[in-house]
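New page in the notebook. I want to get my bearings in this one, starting with charge pairs and then moving to the cores.

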Amino acid sequence: MVKLDFSNAFNSLHRRDMLLAVIDSLLELYSYSFSAYAYPSISFYGPHKVMSNEGPQQGDPMGPLLFCNTIQPLLLSLQAELPLDYLDDLTLGGEQSVVAKDLERVVEVGQAMGLSLNFSKCELISNPGTIIKNSILQQLSTTPISEATLLGALLFQGPALDQSWSKRCDDLVRAINRLKLISAQDALIFLKSSFSAPRVLHLLRCSPSVGHTALGTFDQLLRTALSSLTNSDLSDSEWSQATLPVKDGGLWVRRVSMFALPAFLASAASTLCLQDDILFDCQCRPDDSLVESYMSLWSASFGALPTGNACHKQAGWDRPGIEAIKDELMTIRADPRQKAVLLAVMAP
């Protein structure tokens, strides 16, 4: 598998090719595109004028569409078993000879359109001991399978995932130290909206992180930060309540060790049809063992799996865990006053 990176792709694409591609497949947009890109546009920098001659304009909402539409014929002409592309991130997988031939075509056709590969950022991922015979493939940096990523997501468990979670914990420590410099109310909003679960949601949904030891470290950092910001020593039950959604009586500072399983399963279930489409022509066996083990783990805790639309939404996998925490809190707080307070904050 090779991951390809174009140098300054959006600013290098020839506008002539871009407009010709619009004529071929998006004719209804040609008048607009022609008015915007048929002639150079002027950018101003102080007293200087800079002529913008190539690529979609920065900030143009149609820019991604125009770029993808232009390179689509190139993608359709490739023979690799697994051709994937997201904007200017191109991934090819298959037999070495086929991938090498496709790579040569990408270089040739890309240069004609103004696109040049940045070989220093291109990656080759293969089994250990694979002998790379093609000269153009030999120019790519080699990445072990255990460290493979796709669009920022670690694909496998191992040292690379450990390092990624370690970095997330370090980022949280740095954020917590800086949150102490602003008011507690503002800091709390930043903590729950930007630096807790939302900060690692992409990693939780796309990488197999369930049960990772760093999740407990991340949660403990969140608990310490919340105790500091609220100036209170949170008990275990108070910390559990704080992790609940606001409508359920909490502060919505999510505990990622509890959130990892529903986040990953929701992502797997909601993208199942897309995965089938992507892998339709691939001569490979679907690797569902990890997902099946996670589903068994979820089922052992909460019973029947979500069905219908619920299985495609994160809330469908997350809500049973939230309800379990609420039931546990109602059981722990036997004192009538404490129970009344809890019921009050959970009320609509």
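I need a cut-off before I start: I call it a salt bridge when a side-chain nitrogen of Lys or Arg sits within 4 Å of a carboxyl oxygen of Asp or Glu. I also remind myself that this is a predicted model.

**Entry 1: a pair in α14.** I looked up Glu 323 and found its salt bridge with Arg 319, where the closest N and O atoms are 2.8 Å apart. That is within 4 Å, so the pair passes my cut-off. Both residues belong to helix α14 (residues 314-332), four residues apart, or about one turn of the helix. I checked their cover too: Glu 323 is partly exposed at 31% relative accessibility, and Arg 319 is partly exposed at 26%.

**Entry 2: a network.** Next I followed shared partners, and salt bridges join Lys 167, Asp 171, Arg 174 and Arg 199 into one network. Within it, Asp 171 and Lys 167 meet at 3.4 Å, N to O. These two sit four residues apart in helix α6, again about one turn. Asp 171 is buried, with a relative accessible area of 14%, while Lys 167 is partly exposed at 47%.

Entry 3: How many salt bridges does the structure hold? I get ten. One I noted joins the side chains of Lys 3 and Glu 123, at 3.6 Å from N to O. Lys 3 is in strand β1 (residues 2-5) and Glu 123 in strand β6 (residues 123-125), so this pair ties together parts 120 residues apart in sequence. Lys 3 counts as buried, at 13% relative accessibility.

**Entry 4: the cores.** Which residues touch the most other members of the largest nonpolar core? Trp 165, Leu 204 and Phe 218 do, in a core of 42 residues. Several helices supply at least two residues each, among them α6 (159-179), α9 (213-230) and α13 (289-302). Helix α11 gives the most, with ten residues. I then looked around Trp 165: beyond its neighbours within four places in sequence, its contacts include Val 200, Leu 203, His 212 and Leu 215. There is also a second, separate core of 33 residues, with Phe 6, Leu 74, Ile 136 and Leu 137 included.

**Entry 5: the whole chain.** Zooming out, I count 15 helices and nine strands. Of the 348 residues, 41% count as buried. The chain exposes about 19600 Å², and carbon and sulfur atoms supply 56% of that.

Key. Residues numbered from 1 in each chain as written. Predicted model: local features only at pLDDT ≥ 70, side-chain atom pairs only at ≥ 80, totals over all residues. Heavy atoms only, no water. Buried < 20%, exposed > 50% of the residue type's maximum accessible area, 1.4 Å probe, protein only. Areas by Shrake-Rupley, 256 points an atom, 1.4 Å probe, with all protein chains shown as cover. Core = buried A, V, L, I, M, F, W, Y, C linked by side-chain atoms within 4.5 Å. Contact = heavy atoms within 4.5 Å.
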